[in-house]
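Work through the exercises below with the sequence and the structure in view. Try each task before reading its solution.

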Amino acid sequence: MIHLENPFRLTDTERKKILDLALSRGGEFAEIFAEYRLFSFINMEEEIIKETAESVSLGLGIRVISGEKTGYGYTNDLSIEKIKKTALTAAAITDSGKTLSIPPFHKTPGHRDLYPLSRPAHLASLQDKIELARRAYRACQRIDPKIQKVKVLFQDHVQYVSVVNSEGQIAEDTRPQVKLVCTAVAEKDRRREFGFSGGGGRVGLEYFERVLTPEKIGREAAEEALRLLEAVEAPAGEMPVVLAPGHAGVLVHEAVGHLVEADFNRKRTSIFWDKLGQKVGSPLLTIYDDPTRPSFRGSYSIDDEGTPPARTLLIDRGVVHSFLQDRLSARLMGRELTGHGRRQDYTCIPIPRMSNTYVDRGQDDPEEIIKSVTKGIYAERFEGGQVEDSGKFTFSISAGYLIEGGRLTAPIKQATLIGTNIDILQKIEMVGADLEFGLQTGTCSKEGQEVPVTDGCPTIKISGMTVGGRR
Amino acid sequence: MKEKGRDNSLLGLAERFVEFGKTCGADEVEISLVEGREFSVDVRLGQVENLVEAGSLHLSLRVIKDQKTAYVTSSDLAEETVRRLVRNAVVRAGLASRDEHSGLPPLASEDIDIPSLRLVDPEISRLDPSQKIRLALETERIALEDSRITNSHGASFISNEVTAVLANSHGFLGSYDQTFCSLSVGLQAGGTDDKVEDHWASVKRHFRDLETPESVAKKAVERTVRQLHPRKIRTQAVPVIFEPGMTNWLLGFLFACVSGVAVYQKATFLAERLGTRIGGGNITVVDDGLMPGRLGSRPFDSEGLPCRKTTVVENGVLRHFLCNSYAGRKLSLPSTGNADGTGVSPNNFFLLPGTATPQEIIASTEKGLLLTRTIGHGLNPVTGDLSRGAFGLWVEGGQVAYPVSEVTIAGNLEQILNQIEAVGNDLDFRAPVCGPTIKVGELTVAGE
């Protein structure tokens with residue numbers, strides 16, 4: 001565990017008083033979410049430490065639920081008068097009349113040992129963090145004179161959250177987060193290309209010695225940019241696509257993960273709403289979301305509603321097994337909580353979100369998967385994707401290769417893949433035994449709220465997908 | 001710091017923190033305070049779903065010592081916290097590198113008449129919550145009356161009232177208020193396995209300018225149902241007509257490529273192209289922060305420099321990059337009043353309209369794609385390449401024939417700007433970055 005001084009000095013009596021005010025007009029549930037976050041940032045470019053930044057985020061949000069309705073207020077003025085006023089703002093959602101009384105408070109323990117770190121970043125000196133940035137920068141720059149521009153960002157934060165609700169539950173979490181990323185621009189014959197790499201997670205600075213060194217991050221960014229200088233235009237049209245292990249997890253995140261978030265199914269806007277227990281994809285496909293992977297960027301010991309999370313089976317051998325739940329959807333759908341109610345910060349209402357989402361390993365030899373393709377593409381790096389509830393999704397390849405005659409040949413430039421999820425899930429023909437996770441740098445955006453996530457997958461072959469290249 | 005009779009207005013607070021920064025040893029200090037009041041209601045299927053009301057106050061601060069810079073942001077405005085952050089910032093600045101281009105801009109002599117910009121609608125603060133809820137309910141109700149609509153993502157009314165204050169150690173002290181309101185609805189049509197969806201939103205500074213519930217609902221319905229029963233098409237290169245919303249998206253990409261920050265970072269393919277032709281003679285793109293009542297207008301930027309009008313592309317020739325004072329010094333170019341935090345952002349950034357109506361542009365197209373929506377990422381400012389998932393309507397013989405889905409479009413921004421065959425007359429300023437309907441000579445549309 002790491003420690004951060006709790007700046008919220010509310011006594012139990014005050015907490016009870018605030019929750020009573022929140023429920024003074026009725027409602028089944030009220031909650032106080034308090035957040036204190038310390039953030040630091042370093043930017044190195046053009047050979048210099050260009051700037052550093054320090055941020056403090058401190059505030060609380062009060063929520064009242066009545067049926068399907070949510071009232072929400074937040075404030076960063078923590079005077080007791082202002083907090084009470086915020087409670088009354090949230091209370092205005094209903095006028096059904098007070099019925100609830102609040103039981104004595106009890107503490108809900110979270111998952112233990114999810115953040116096993118030895119050198120917490122928020123206690124480390126700025127000089128130590130600057131040195132990490134410099135190491136990545138130098139490693140990137142010295143690979144090749146064609147590397148014309150390097151930029152390194154180091155960010156860390158520690159976020160203390162506490163949740164107190166009208167069921168008497170009190171839960172707390174103090175979450176570390178670190179990220180070191182490097183971008184490189186390579187130039188040759190007036191052509192410029194861009195490379196990216198990075199790492200981090202809910203770790204301390206020891207990560208950059210033991211798991212992923214700044215040198216490796218810098219080198220990978222440079223190598224990607226250099227390789228893209230030689231890349232050819234991607235082909236256009238429908239063809240087999242092999243997803244590389246790790247980064248291609250973003251496809252699963254977009255094509256499946258969002259559509260099993262409970263809110264979209266409760267509202268019947270997701271195409272999966274009536275498909276629980278039904279087969280929607282290849283029997284080779286099993287997908288989990290797991291907020292309890294130690295040190296992972298998307299992990300947490302309680303979610304932002306105070307629920308200890310559990311690894312959740314989403315797709316079981318092609319069959320929709322369960323949805324990612326938050327309190328509101330679980331209650332309205334009559335389902336168990338899964339611990340996936342997350343929020344960007346205290347200004348936001350929690351909604352069902354992914355954490356660390358991955359396709360379980362299969363049986364196939366990754367080399368055999370590539371050999372099985374006569375003409376297609378190998379999708380290796382991605383810059384993101386998007387899905388809509390109708391199941392249509394895209395994701396953008398930032399680096400990959402042509403597959404010709406069962407071999408990887410020329411590197412390809414940026415291209416977009418598009419598909420409809422059920423169609424693609426049924427076209428999964430082979431799943432490798434080589435599960436990997438992508439970079440520990442990802443962020444997922446939903447309804448304007450950004451939360452840290454990771455995703456992973458083994459090598460996967462999709463028999464046909466529309467590739468949006470230019471030739 | 002004065003303890004007696006101190007000025008607790010935002011302006012007074014900002015000035016005090018500037019003074020305190022200098023006391024701590026900073027050469028230059030810049031403080032920005034933003035106070036906001038937010039109201040939002042989401043309704044769905046005739047019921048209120050979420051109701052949010054809140055007020056907040058945020059501080060951002062920049063200190064420079066020996067040409068070394070440090071930044072701070074905080075939502076904890078306790079005097080003791082801010083003092084600690086300022087003291088830390090001066091120490092942290094010492095650990096950054098000396099940068100001859102750093103520093104606050106000199107005090108400008110011009111003064112913008114803030115009321116003439118019409119950034120505030122006092123009516124917004126007087127609106128009753130029940131009236132806002134009614135507008136959202138009414139919008140969704142009208143949309144759901146259409147039997148082709150099968151589900152709703154809900155309708156929302158949002159209003160914001162914001163006060164921005166900026167003070168710096170060169171003596172700049174300024175503040176302005178602004179308001180926003182929006183009404184939107186998202187819809188689905190079709191059955192579970194052939195769903196289509198879209199939405200419409202009206203965003204304005206002035207409540208009386210907001211589209212009516214009827215108008216928002218009808219546009220959302222029309223945009224949604226026109227996608228029903230899409231067909232797939234073969235991969236081919238055809239003319240592509242961009243609806244205004246799609247031109248907005250393309251212009252957002254152009255902005256990223258003409259940002260002075262991207263230019264000095266060599267992160268844009270236009271970095272060495274100032275003064276050269278990057279598009280057809282029918283392309284003129286302007287950034288103008290001083291248009292009365294427009295969404296992207298403001299009297300001064302985040303460094304206190306007055307906003308202005310800058311012609312970015314003139315008849316196809318790249319004329320100006322958009323710079324904050326740092327990028328301007330790096331590139332020996334003028335600062336254009338586009339500073340936003342540590343970077344730059346557009347004010348009103350738009351493509352000048354032409355004379356053709358959208359109907360005439362469609363009628364002039366023998367075969368092509370009318371692009372209505374894109375999803376995904378796939379924009380690369382370093383190369384100008386773009387590639388996105390696309391939705392649209394197939395045009396044949398000058399008429400809309402049927403919807404298409406699961407296609408992607410791919411191309412290059414410079415090539416696109418050089419082959420715009422028609423520019424529409426339908427510029428509507430519904431977003432800070434905007435343009436009219438345009439027709440691009442040829443793009444690769446990948447399908448089956």
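**Exercise 1.** Find how many helices and strands chain B has, and judge its overall form from the radius of gyration.

Solution. Chain B contains 10 helices and 20 strands; helices are DSSP runs of H or I with at least four residues, strands are runs of E with at least two. The model is predicted, so local features need pLDDT of at least 70 and side-chain atom pairs pLDDT 80 or more, while totals for chains, interfaces and linings use all residues. Residues are numbered from 1 along each chain as written, chains are lettered from A in the order written, and side-chain values use heavy atoms, without hydrogens and water.

Next, take the radius of gyration, computed over C-alpha atoms. The globule rule is 2.2 Å times the number of residues to the power 0.38. For 448 residues a compact globule would have a value near 22 Å, and the 24 Å of chain B agrees with this.

Last, 62% of the 448 residues in chain B are buried (under 20% relative accessible area, 1.4 Å probe, protein chains only).

**Exercise 2.** Describe how helix α3 and helix α5 of chain A pack.

Solution. Two packed helices are described by the angle and the distance between their axes. The axes of α3(A) (residues 126-141) and α5(A) (residues 214-229) come within 7 Å and cross at roughly 40 degrees; axes are lines fitted to C-alpha atoms over the stretch in contact, and angles run from 0 to 180 degrees between N-to-C directions. Contact here means heavy atoms within 4.5 Å. Among the residues making the contact are Leu132(A) and Ala136(A) of α3(A), and Gly218(A) and Ala222(A) of α5(A).

Terms used
Buried < 20%, exposed > 50% of the residue type's maximum accessible area, 1.4 Å probe, protein only.
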